[in-house]
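Have the viewer open as you read.

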Amino acid sequence: MLNTVFSYGQELKDHKLWYEQPTHSWMKEALPIGNGYLGAMFFGGIEEEHIQFNEGTLWTGGKGEWNEYNGGNREGAHKHLPEVRRLLDSGKYEEAHQLANRELTGVIKADKGNSVWEGYGAYQPFGDLFVRPQSSGSPSNYSRELNISKGIATVKYITEGVSHKREYFANYPSRTLVFRFQNDNPQGVDYVLRQTTEHKNVDISYKDGQLVMSGYLENNGMGFESRVVVESDGKILPFIDGKVTVKSANNLTLYLTASTDYKNEYPHYSGRKYKELNKKTIETVLSKGYDALLSEHLTDYSNLFSRVDFTLDGVDKDNLPTDERLRLYASGGEDPSLETLYFQYGRYLLISSSRPGTMPANLQGKWNNMTNPPWASDYHANINIQMIYWPAEITNLPECHEPLIEYIDKLRPPGRKSARDFFNAEGWIVNTMNNPFGYTAPGWGFPWGFFQLVQLGIVDMSGNITSFRATVII
């Protein structure tokens with residue numbers, strides 16, 4: 001029996017993903033948190049916690065990489081359309097294909113295969129945080145959990161009689177990721193914190209209680225910076241060999257924010273004062289403190305998540321770890337509450353990767369640990385980005401739709417040029433693949449890149465988007 005309830009502010013059952021062991025697999029078992037601006041994956045390691053994080057605007061590609069970058073457009077490409085149509089009418093399909101592949105495809109600097117597309121770029125990982133607690137002995141009572149009803153992640157375990165607890169959450173209103181490490185050792189525990197990144201042109205420093213990673217992408221010169229505030233009741237030692245050591249602590253709290261100089265304004269796509277933004281964010285975080293940030297997060301997040309409850313009648317197996325439930329389900333076992341968890345997990349991921357004022361969710365939401373991710377972890381306008389946002393309206397998350405709507409609006413100026421160049425047409429288009437630098441031309445291969453069901457924006461006299469229609473151009 002299906003029971004669906006739409007409600008605001010109602011106290012609902014907590015939905016959780018949980019495991020009885022840490023993981024080494026980013027893809028299969030690391031758990032995500034995010035606030036739209038930032039995303040992070042945590043592994044729950046005992047000897048060392050690994051937190052890999054992203055910021056939604058860190059991209060290679062664009063003019064910074066290639067001076068001739070112009071959104072993939074070919075000026076005058078539309079002049080070849082009549083001949084392509086004549087060849088098609090004559091049944092000369094292979095010749096039509098060759099001509100279209102040569103003259104009606106978009107332009108990038110180079111296609112080196114293996115998804116390395118120079119000039120187009122790819123979504124980038126930002127950095128990694130590692131926190132090593134002083135501990136010894138085999139752990140017991142281990143639990144790694146993501147409570148998607150509250151947007152709070154926890155790790156708990158005991159070593160040599162000392163209880164350890166970690167609590168993580170992603171605060172959207174204050175634009176920060178929060179990580180708290182606690183233990184009940186009367187003498188406290190030593191923690192060693194370090195930060196790394198895949199990118200080369202980076203300086204990592206520690207001053208005034210902040211671990212700062214600042215640099216620029218070697219590929220296109222995009223500037224970026226992250227700041228981690230380190231708070232503790234222990235003694236923080238001098239910064240040596242890229243590490244922050246905290247002695248005899250019962251509480252260690254880290255507040256992380258990050259940003260880049262990317263600005264979604266055609267045609268330059270740069271100019272954000274990202275360092276000033278980070279400093280202002282940190283000032284706000286420090287003025288609030290942990291308890292206020294947690295309360296702010298719970299209020300903000302639950303306002304969205306608690307709007308929809310979805311239940312299926314059947315045996316509740318929430319007492320089993322998530323990985324065990326998945327194995328049983330894959331072998332044919334019934335688990336209706338796992339299906340409702342899956343439903344709500346989709347809402348959790350959309351809330352965590354798409355909030356007003358942020359970039360929309362890309363192919364991997366906001367979570368990516370590769371400098372060369374599949375399909376650039378970009379915005380696929382053929383069907384993928386639509387699929388990502390299907391839950392927005394039907395599961396009562398219209399606010400999460402706003403980043404996509406704003407992003408589409410910003411595609412109009414580059415899309416107009418693509419419409420003129422390829423079809424000599426009014427209006428605007430965007431094809432299969434799109435990046436944050438206004439790549440609205442067809443892709444660089446035919447036919448996959450030539451998305452014939454082109455989306456044309458219909459605008460009113462004041463320039464506002466009023467609708468979309470699909471039409472076959474050729």
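## What covers H1

The cover over the buried residues of H1 includes H2 and helix H9 (412-423), where contact means heavy atoms within 4.5 Å. Helices here are DSSP runs (H or I, at least four residues), numbered from the N terminus. This is a predicted model: local features need pLDDT of at least 70, side-chain atom pairs count only at pLDDT 80 or more, and totals for chains, interfaces and linings use all residues. Residues are numbered from 1 along each chain as its sequence is written, and side-chain values use heavy atoms, with hydrogens and water left out.

Leu 81, Val 84 and Leu 87 are the buried residues of H1 (under 20% relative accessible area, 1.4 Å probe, protein chains only). Looking down the axis of H1, they fall within an arc of 125°, so they line one face of the helix; the arc is that of the directions from the helix axis to the C-beta atoms.

Just after H1, Gly 91 takes a positive phi of about 80°.

## How H1 meets H2

H1 (residues 81-89) packs against H2 (residues 93-103) at an angle of about 160°, with the axes 8 Å apart. H1 and H2 are therefore roughly antiparallel (angles over 145 degrees, between N-to-C directions).

On the H1 side, Glu 83, Val 84, Leu 87 and Leu 88 meet Tyr 93, Glu 95, Ala 96, Leu 99 and Ala 100 of H2. By class, that contact has seven nonpolar, no polar and two charged residues; Ala, Val, Leu, Ile, Met, Phe, Trp, Tyr, Cys and Pro count as nonpolar, Asp, Glu, Lys and Arg as charged, and the others, Gly among them, as polar.

Key: Axes fitted to C-alpha atoms, helices over the stretch in contact; angles between N-to-C directions. Helix = DSSP H or I, 4+ residues; strand = E, 2+ residues; numbered from the N terminus. Parallel < 35°, antiparallel > 145°, perpendicular 65-115°, else oblique. Buried < 20%, exposed > 50% of the residue type's maximum accessible area, 1.4 Å probe, protein only.
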